[in-house]
Amino acid sequence: MQKERYITRYGQEKGQGYTFRGWRLCITREGERFVRYFSDLKAGGAEKGLEQAVRMRDEMMRELAGDGADYKEIFNRYRRLGNEC
C-alpha cells in the first residue's frame, strides 16, 4: 500500500481491544487544522475507508489550491459534511 499524504492509519485502544480502527485525514493551513476519521467498520473495510479518505482529501486539496481560497470556510464546510463527498 502506498503512503498517502495527509492520511494515516489510526487505531484507538481501550482495555484489551480496539474501540476504533480506521484512517485519519489531517490537513493544516496557517494554524487551522481539519481532522476527519474514517472508520473501517462504517466504510465496510479498511480499503473502502481509505478510498473515502483519499476522495475527501483530493476534493479538499483542489479547493484549497484555488486562487484566494478561504481555507477556514472550506474546513468549516467539510466539518459539516459526513464522510461522503
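**First stop: a hairpin turn**

Start by selecting Glu-30: in the hairpin of strand 2 and strand 3, with 2 residues between the strands, Glu-30 takes a positive phi near 45 degrees. Strands here are DSSP runs of E with at least two residues, helices are runs of H or I with at least four, and both are numbered from the N terminus. Now click Arg-29, whose bridge partner in strand 3 is Glu-32. From there, follow the two strands along: strand 2 and strand 3 pair in the antiparallel sense over 8 bridges. Two strands count as paired if DSSP finds at least two bridges between them.

Before moving on, a word about what you're looking at. This is a predicted model, where local features need pLDDT of at least 70 and side-chain atom pairs count only at pLDDT 80 or more, while totals for chains, interfaces and linings use all residues. Residues are numbered from 1 along each chain as its sequence is written, and side-chain values use heavy atoms, with hydrogens and water left out.

**Next: the other hairpin**

Select Gly-15. Gly-15 sits in the turn of the hairpin formed by strand 1 and strand 2, with a positive phi of about 70 degrees and 2 residues between the strands. Strand 2 (residues 17-29) pairs with strand 1 in the antiparallel sense, again over 8 bridges.

What order do the strands take in the open sheet? The 3 strands run 1-2-3, with antiparallel pairing. Strand 1 (7-14) and strand 3 (32-39) are the edge strands, each pairing on one side only. On average, neighbouring strands are turned by 35 degrees against each other, direction ignored.

**Then the helices**

Select residues 46-64, which are helix 2: this helix packs on the sheet and touches strand 1, strand 2 and strand 3, and its direction makes about 15 degrees with that of strand 2. Axes are lines fitted to C-alpha atoms, for helices over the stretch in contact, with angles from 0 to 180 degrees between N-to-C directions; contact means heavy atoms within 4.5 Å. Next pick residues 71-80, helix 3, which packs on the sheet against strand 2 and strand 3, at about 25 degrees to the direction of strand 3.

**Last look: the whole chain**

Show everything: from the N terminus on, the elements run β-β-β-α-α-α. The C-alpha trace spans about 45 × 25 × 25 Å along its principal axes.
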